Amino acid sequence: MYTAILARRVIDGTGRDPIVDGIVLVEGDRIRAVGRRAEIAVPEGATVVDCGDQTVMPGLVDAHSHASIVPGLGDQIGQLRQPPAPQVLRAVANLRADLRSGVTTMRVVGEEHFIDVDLKAAIAEGRLPGPRLLVATRPITARHGHGAALTTSDGEDEIRRHIRENVARGADLIKLFMTGGVSSQGTAARWYAYSRREVEVAVEEAHRNNRPVAVHAHGGPGVRICLEAGVDTIEHGKLCELDDLIEMRRRHVWLVTNNAVSGHPDGIEKGDAHVPAIMAKLREARARARENFAAVLDSGVRWALGTDSMHGLMWWEIAQVVEWGATPHDALLAATRRAAEAIGLGDQVGSLEAGKLADVVGVHGDPLADVTCLQRVGFLMQAGRRLDGLSAA
Ligand SMILES: [Zn+2]
């Protein structure tokens, strides 16, 4: 019933200093106590797991990804237009890779065929290894917008109808595509698809159904319209100006940022190298990325990290923002506690605290000294279940 996890160092995700010679006491699927070994008694009969010199920390939370997409294969929208079977086959491998990399919770921000609802259920029932999922189901996107795969929503009536159907089918949140994007042809990143009235309708419908609204937006006037309409998170924000970010902060809107899909060689660069229109947008995003992140830090906006389908590369997302000026501890919080808060699960996951779900990861090394050690996952537990023997396939 009890598992006592011992480690040289425990980073609990609350933001306080690491606990040296720490212990995480787990009962069933929950954390019971966290502290120094000397302070917490191990109950009789407990299973003791000594993680040695690993650093033990909360399971990572990927605040923005997709289950079925592999950016390195190219044509991401085309992948979403496929029938369900090939999509599910990719998703099973992707989610396994995510879990093995220490991601125990993930928010899936757009799939077709409602495959994310089925994947979420299979994971929750222990039939499929993967991060615990929050799902957006079909994204709300205009016919001429970025992200338009099989389902498009034009006009107030269609937006309402599709949001209601998504909610009925099990959507945890509503994803709306506002501006253009990098990985599609024909949309500019500062152009936006929906009128102010349409965004207001989407927010009203979602919020009345107790669903938050996550908006794909890079920059330009579309960002401000979404903020004024009351959306909950801005995803990407790669071309936001400082005053947009300050406005986000003022309105308590989260920024969920990501860099691997545009910056890592296995991302869009690998998949869409033969498409000049996409490569031109990729170059602009890359050229702006460091400066954009400096503005994020300057603005004081609350930010969290996601991989946007770069499965298994959450460590890389963390390492990238550290290279650009975030402290390792702050970057780690953006991938744990703050990511959990951004997606509305802050009371359940994201830190090692009594009462929360026992999602616990051990890494070989000290991530506060060298964040790249986050790719060396050892111990792995999700809701009290040990998974560190999980093979690659
Ligand atoms: Zn995305």
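A salt bridge is a side-chain nitrogen of Lys or Arg within 4 Å of a carboxyl oxygen of Asp or Glu. Keep that cut-off in mind as you move through this predicted model. Side chains of opposite charge can pair when their charged atoms come close. A search of the whole structure turns up 31 salt bridges. This tour visits a few, then turns to a metal.

**Stop 1: arginine 16 and aspartate 12**

Select arginine 16 and aspartate 12. Their side chains meet in a salt bridge, with N to O at 2.5 Å. That distance counts because the cut-off is 4 Å. Now show the surface. Is aspartate 12 buried or exposed? Aspartate 12 is buried, at 2% relative accessible area. Arginine 16 is partly exposed, at 44%.

**Stop 2: arginine 138 and glutamate 165**

Next, select arginine 138 and glutamate 165. They form a salt bridge, and the closest N and O atoms are 3.4 Å apart. Where do the two residues lie? Arginine 138 is in the loop between strand E8 (132-135) and helix H4 (155-169), while glutamate 165 is in helix H4. The pair therefore ties together parts that are 27 residues apart in sequence. Check the surface again. Arginine 138 is buried, with a relative accessible area of 10%. Glutamate 165 is partly exposed, with 33%.

**Stop 3: glutamate 204 and arginine 160**

Stay with helix H4 and pick arginine 160. Glutamate 204 is partly exposed, at 34% relative accessibility. Arginine 160 is partly exposed too, with a relative accessible area of 22%.

**Stop 4: the zinc ion**

Finally, select the zinc ion. Which residues coordinate the zinc ion? Look for His64 (NE2), His66 (NE2) and Asp308 (OD), at 2.1 to 2.3 Å. The donor residues follow the spacing H-x1-H-x241-D in sequence.

Histidine 66 sits in the loop between strand E6 (60-65) and helix H1 (76-80). Aspartate 308 sits in the loop between strand E13 (303-305) and helix H11 (314-323). The pair links distant parts of the chain, 242 residues apart. Histidine 66 is buried, with a relative accessible area of 7%. Aspartate 308 is buried as well, with 9%.

Notes. Residues are numbered from 1 along each chain as its sequence is written. This is a predicted model: local features need pLDDT of at least 70, side-chain atom pairs count only at pLDDT 80 or more; totals for chains, interfaces and linings use all residues. Side-chain values use heavy atoms; hydrogens and water are left out. Buried means under 20% relative accessible area, exposed over 50%, partly exposed in between (1.4 Å probe, protein chains only). Helices (H or I, at least four residues) and strands (E, at least two) are DSSP runs, numbered from the N terminus. Donors are N, O and S atoms within 2.8 Å of the metal (3.2 Å for Na, K and Ca); water is not among the atoms, so sites may look incomplete.
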